[in-house]
Amino acid sequence: MNFLKNKYTYLVISGLFMFSSCEDYLDINDDPNNPTEAPISALTVNSTFETAQNTFRMGNITTNYVQHLASPNPASSSDVMDPVSYSSTWSNMYNVMTDLSDLINQASETSANHYQGIGQILMALNLGMTVDAWGSIPYSEGLNFQTITPSYDDDSQLYQEVLTLLDQGFGNLSNPTEISVGEDDFIYEGDIDKWIKLGNMLKARYLNHYSETDSYDPVAVLAALDEGMESNEDDAQVEYFPEEFNPWAQVAIDNADLLLGGWISEQFIESMDGTLYTVQDPRLPYMVGATDDGEYIGVENGAGRGNAPEQGARSVLEPDDFYTGEQSPILIATYSEQKFIEAEAAFNIDKSRSYQAYLAGIRAHMTKIGVEPAEIDAYINNPAVSMGEAAFSIDDIFKEKWIAMFLHPETWVDARRYDYAYEDFDLPVNVNPDLNGEFIARLAYPDSEISRNGSNVPDVSLTDKIFWDE
């Protein structure tokens, strides 16, 4: 309980410093009694917590694209892949990256190596998420407030920056420091060994995104994974507390109060209930709610709920499941994801390793969300899941990873790399006609950015692909 109180206190203090910094940025006078820089500890609190929030924010945008969720209303913008201005999410991504830039610089000036390394790993993660959504973005001129019209950096070059930041982070985390990280780190509470594992796991994640390019090096992916996470205990996550609910819990609570959202896609239900595959997945009741009749019924993306009532007849995110408990964690990066990355990277090099990693990824996810051991064994031992190395395919990896990465924005990266080739995965009803029968490949640049920096905003459409998807 004391730690929960400390987390809340840290968050309030951090927010006050962030507000103070914004005030000072707009004030032409310097007040010696009012700090113009947030201290390293407050920056760490804000950056670790808000990275989890950004993971939710990006997931909240993309879950309908990958048909985890569906709108209860017909032809909703999120379902039918209309252009939407996500100005607030764009701003939140930049707010965190700006804080991380300050954290890295302050840590460098004070030789706080571990804080600097954490900042570099978090910068790589937030930068990577932003590039994966929009492609080219302002970065080299985008974080220093020297210009209100920063130039855009090429998406492929920014990925090199992501990898450089991760390598720099390893170096700083491996060096001794006189300033230790503690409870101001909401992810690992200062456990530097786990930060190094996370950095290697993220390096594998981003190297694996090159899978459709000539630059793909699966050996390098596997080498990073060899230094990565070792179990679910290494998962990067932020656990919430009574004063701050898990945002997916809030979606579920709002839906129960008839602010409709968090309805489950028919595609997701039918991929787990035995309709599309010959095995029923025991994870379903741990992840989503049943109808009043105890059934699992989804909504077709783009079609809406039809004549179904507002409650009770369709599956939704319900309060207090694994992903939707008020104090449930937001998962930033997990051991189960790592095992599926390993399975994909090893598939054409060492199929035996790939197959074992695939099975381990399933078991890790099932264990994580609380599935009973007997149910886990029954599912994994089913011939449709343990089909043997000879019959094992890349499709099996992507299918199981799609389930294990429920509500996570990384799923949209996978869907694009995989050309949305999941079983019976169709374009939504009433799909945006401007897509010309294609799936969405990127987000539209936000209206706020176009109005402020329009001369630099790239001229792209929703079907123009991020560099790793071409």
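Welcome! The model is predicted, so local features need pLDDT of at least 70 and side-chain atom pairs count only at pLDDT 80 or more, while totals for chains, interfaces and linings use all residues. Residues are numbered from 1 along each chain as its sequence is written, and side-chain values use heavy atoms, with hydrogens and water left out.

**Two residues with positive phi**

- Leu258 has a phi near 70°, a positive value in a residue other than glycine.
- Leu258 sits in the loop between helix 9 (247–256) and helix 10 (266–272); helices (H or I, at least four residues) and strands (E, at least two) are DSSP runs, numbered from the N terminus.
- Tyr420, also not a glycine, has a positive phi near 50°.
- The loop between helix 16 and helix 17 holds Tyr420, and this residue is buried, with a relative accessible area of 6%.

**The paired strands**

- Strand 1 (residues 236–239) runs antiparallel to strand 2, and the two pair over four bridges; strands count as paired if DSSP finds at least two bridges between them.
- Within this pairing, Ala236 stands opposite Ala333 in strand 2.
- Strand 2 (residues 329–333) is largely enclosed by the rest of the structure, because five of its five residues are buried.
- As a general point, side chains in a regular strand alternate between the two faces of the sheet.

**Salt bridges**

- The structure holds 18 salt bridges, a term for a side-chain nitrogen of Lys or Arg within 4 Å of a carboxyl oxygen of Asp or Glu.
- One of them joins Arg205 and Glu410, whose closest N and O atoms are 3.8 Å apart.
- Arg205 belongs to helix 7 (residues 192–208) and Glu410 to helix 16, so this pair ties together parts that are 205 residues apart in sequence.
- Both partners are covered: Arg205 is buried at a relative accessible area of 3%, and Glu410 is buried at 5%.
- Another salt bridge brings together the side chains of Asp235 and Lys368, at 2.9 Å from N to O.
- That pair links distant parts of the chain, 133 residues apart: Asp235 is in the loop between helix 8 (218–225) and strand 1, and Lys368 is in helix 13 (residues 351–369).
- Asp235 counts as buried, with 5% relative accessibility.
- Asp281 and Arg283 also meet through their side chains in a salt bridge, at 2.8 Å from N to O.
- Asp281 is buried at 5% relative accessibility, and Arg283 is buried with a relative accessible area of 0%.
- A network of salt bridges links Asp226, Lys339, Glu342 and Arg353.

- Glu266, Glu300, Asp395, Glu423, Asp424 and Asp426 form a negative surface patch.
- Patches are made of residues with over 30% relative accessible area and no salt bridge, where like charges are joined within 9 Å and nonpolar side chains (Val, Leu, Ile, Met, Phe, Trp, Tyr) within 5 Å.
- For these charges, Lys and Arg count as positive and Asp and Glu as negative, while His and the chain ends are not counted; the place of a charge is taken as NZ of Lys, CZ of Arg, CG of Asp or CD of Glu.
- Accessible areas come from the Shrake-Rupley method with a 1.4 Å probe, and for residues only the protein chains shown count as cover.
- Asp426 is found in the loop between helix 16 (410–417) and helix 17 (447–453), and Asp426 is exposed, with a relative accessible area of 52%.

**Distances along the chain and in space**

- Asp79 lies in helix 3 (residues 77–80) and is buried, with a relative accessible area of 1%.
- Asp79 and Ala303 are 224 residues apart in sequence, and their C-alpha atoms are 8.7 Å apart in space.
- Asp99 has its place in helix 4 (residues 87–109) and counts as buried at 11% relative accessibility.
- Asp350 is in the loop between helix 12 (335–346) and helix 13, and counts as partly exposed at 34% relative accessibility.
- From C-alpha to C-alpha, Asp350 and Leu435 are 38 Å apart in space and 85 residues apart in sequence.

Terms used. Buried means under 20% relative accessible area, exposed over 50%, partly exposed in between (1.4 Å probe, protein chains only).
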